[in-house]
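Hi there,

Here is the structure I promised to pass on to you. Have a look at it first, and then read on for what turned up.

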Amino acid sequence: MENKVENPLAKGMPEAPKLDLSKIKNLDALNVKGDAKFVQEIEKKQKKNAVKNAKSKFNFTEEYDIQLPSKGKFYQDEDDENIKKGIITVRPMSVAEEELMSNQTYIKNGSMFRRVFDSVITNDFEAKKLIAYDSLYLMYALRNVSYGDDYTIELKCPECDKTFTHTFNISEVPFDEIEDDVEEKRVIKLPVSKYTVSMRISRLQDDEELERMKKANPETSETILGYIIKTDEIFDDNDEPLDPKDWEDFFTALPVKDRTQISKAFAKDGKAPTIRVVCPKCGTEEEYGIPFQSDFFRSSF
């Protein structure tokens, strides 16, 4: 039986520690050309000053500690000790974050959640580094602390074909616990092609890269592009490296058994949460994925 992580918001969140505002990283990266180290230093200074100025006058909300499903396993290179433990501290969304949510440019280029998370996270941490499953979990937790636990969705019964609404508590949605033996990188020996692929776990920053690649490669499927983004190396059946320019053709031509092997390699990274709902029309109980509808980040009134 799979271990589940209960949303910590269901039991009440511990009070967040007082933080040194000089360590907060919450603003967008600067668009500066030049030496990488110099750019990073400028980014840090700009972020520190901007956050200090933004928060010094008004602060109407408390902060919440969120225990991530990964338990910090993939953030051990970070300086923030709480991040290393998988504890991320956020403040509820404000009008500023709502505006980020409605910005069509950010929605289209895949940067919306990264920008919102960077704005509400108060750890010394950049949201783009979140693994995909932690990012998904944080999205639910942020919705909870910002707008409340109740969420009403519209569903369609597969049995009677009727549409109905269902209200549930976000804090009661079970998430998979990422197991301790899950590694950052996977070396996968493919059974049919005999090729070997080295791939890594997905991170939030990949959303933006995917949108860029979709625009540059409109004829390529999103699945193939997702494979390419996560791939570090590919070796043929003679252990010779495959030229990256051939990766798209390679993944497109993969036999089903080889694709299944890749899926198995990432099966422990966490599944999208589901809920079981009884249709009020015909009484059929069905398991539904939770749809991300337009009012997810909206008040219930």
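To start with, is the crossing of helix 8 and helix 10 left-handed or right-handed? It is left-handed. Before you go further, please keep in mind that this is a predicted model.

Let me stay with that pair for a moment. The axes of helix 8 and helix 10 lie 13 Å apart, and the two helices pack at an angle of about 60°. Helix 8 and helix 10 are therefore oblique to each other. If you want to find the place where they touch, look for Thr223, Ile224 and Tyr227 in helix 8, which meet Arg259, Ile262 and Ser263 in helix 10. Sorted by class, this contact has three nonpolar, two polar and one charged residues.

Helix 8 also packs against helix 7, at an angle of about 125° and with the axes 10 Å apart. On the helix 7 side, the contact is made by Asp206, Glu209, Leu210, Met213 and Lys214, and on the helix 8 side by Glu222, Leu225, Gly226, Ile228 and Ile229. These residues divide into five nonpolar, one polar and four charged.

Now for another pair. The axes of helix 5 and helix 6 come within 12 Å and cross at roughly 60°, which makes helix 5 oblique to helix 6. Their crossing is left-handed. Phe113, Val116, Phe117 and Val120 in helix 5 meet Ser135, Leu138, Met139 and Leu142 in helix 6. In this contact, seven residues are nonpolar, one is polar and none is charged.

Which helix gives the largest share of the lining? That is helix 8, with six residues. By class, the lining of the largest pocket has 16 nonpolar, eight polar and seven charged residues.

Enjoy exploring it, and write back with any questions!

Best wishes

Conventions
Residues numbered from 1 in each chain as written. Predicted model: local features only at pLDDT ≥ 70, side-chain atom pairs only at ≥ 80, totals over all residues. Heavy atoms only, no water. Helix = DSSP H or I, 4+ residues; strand = E, 2+ residues; numbered from the N terminus. Nonpolar A, V, L, I, M, F, W, Y, C, P; charged D, E, K, R; others polar. Axes fitted to C-alpha atoms, helices over the stretch in contact; angles between N-to-C directions. Parallel < 35°, antiparallel > 145°, perpendicular 65-115°, else oblique. Left-handed = near helix turned anticlockwise from the far one by under 90°. Contact = heavy atoms within 4.5 Å.
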